[in-house]
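Please work through the following exercises with the sequence and the model at hand. Each task is followed by a solution that goes step by step.

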Amino acid sequence: ELKVEQNPLFLSMQEGKNYTIYCNYSTTSDRLYWYRQDPGKSLESLFVLLSNGAVKQEGRLMASLDTKARLSTLHITAAVHDLSATYFCAVGFSGGGADGLTFGKGTHLIIQP
Amino acid sequence: NAGVTQTPKFQVLKTGQSMTLQCAQDMNHNSMYWYRQDPGMGLRLIYYSASEGTTDKGEVPNGYNVSRLNKREFSLRLESAAPSQTSVYFCASSLRASDEAFFGQGTRLTVV
């Protein structure tokens, strides 16, 4: 059974600071996704990481994937209030497995002025 | 750009009532999913359909049934609603299983 663990689950930080969210998973996979969810809203895709060593950046967010360590990170640089949201990582299998994506519990991020 | 459309957006049921949540996608995706989201639990897969004509149980299928009506539509039915089924339900689709999933706007269901 694939398990996906995120940490921290809750993070309160100040604007301008840097921080990293970690996503560990238990079974070999080279497909990892990051999503953002605002309160009361749906999930919005942020990053698609499809190979070992993949790195994607969008504004103040950067995601990376280390398939050997079964670890992905989401790094926030110089945080701003607009990045306050819940962030989920999700892992899929590339071998044609039909189970869809397995999600972590999410990291609730609050960025204070 | 409709993407994934769910109906209804909100619903209140009494214990024992039945209802069907509807989901349709216009992206020509093969795979469709139903998740539920509860506080502190992340998203948990209820049922999925890897392709038209097939459905399979996910992590938490008890109390639910699904129908893949055609390639576009995937419905979720609660035959006899229970308070434990109070949740936010998301439908999602992807081109293939394990690909990036695209989500509908969610259905907030309360069972009293």
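**Exercise 1.** Which residues have the most contacts inside the largest nonpolar core?

Solution. This is a predicted model, in which local features need pLDDT of at least 70, side-chain atom pairs count only at pLDDT 80 or more, and totals for chains, interfaces and linings use all residues. Residues are numbered from 1 along each chain as written, chains are lettered from A and ligands numbered from 1 in the order written, and side-chain values use heavy atoms, with hydrogens and water left out. A nonpolar core is a set of buried Ala, Val, Leu, Ile, Met, Phe, Trp, Tyr and Cys residues joined through side-chain atoms within 4.5 Å. The largest one has 25 residues, and those with the most contacts inside it are Leu32(A), Trp34(A), Leu74(A) and Tyr87(A).

**Exercise 2.** State where Gln85(B) lies and why it counts as buried.

Solution. Gln85(B) sits in the loop between strand 8 (74-78) and strand 9 (87-94) of chain B, strands being DSSP runs (E, at least two residues) numbered from the N terminus. Gln85(B) counts as buried because its relative accessibility is 4%, where buried means under 20% relative accessible area (1.4 Å probe, protein chains only). Beyond residues up to four places away in sequence, Gln85(B) touches, among others, Arg36(B), Tyr64(B) and Leu109(B), with contact meaning heavy atoms within 4.5 Å.

**Exercise 3.** Describe the open sheet of chain A and its edges.

Solution. Five strands of chain A form this sheet in the order 1-3-8-7-6, with antiparallel pairing; two strands pair if DSSP finds at least two bridges between them. Strand 1 (4-7) and strand 6 (55-58) of chain A each have a single partner strand, so one side of each is left without a neighbour in the sheet. Four bridges join strand 1 to strand 3 of chain A, and Gln6(A) stands opposite Cys23(A) in strand 3 of chain A.

Technical notes: Buried means under 20% relative accessible area, exposed over 50%, partly exposed in between (1.4 Å probe, protein chains only).
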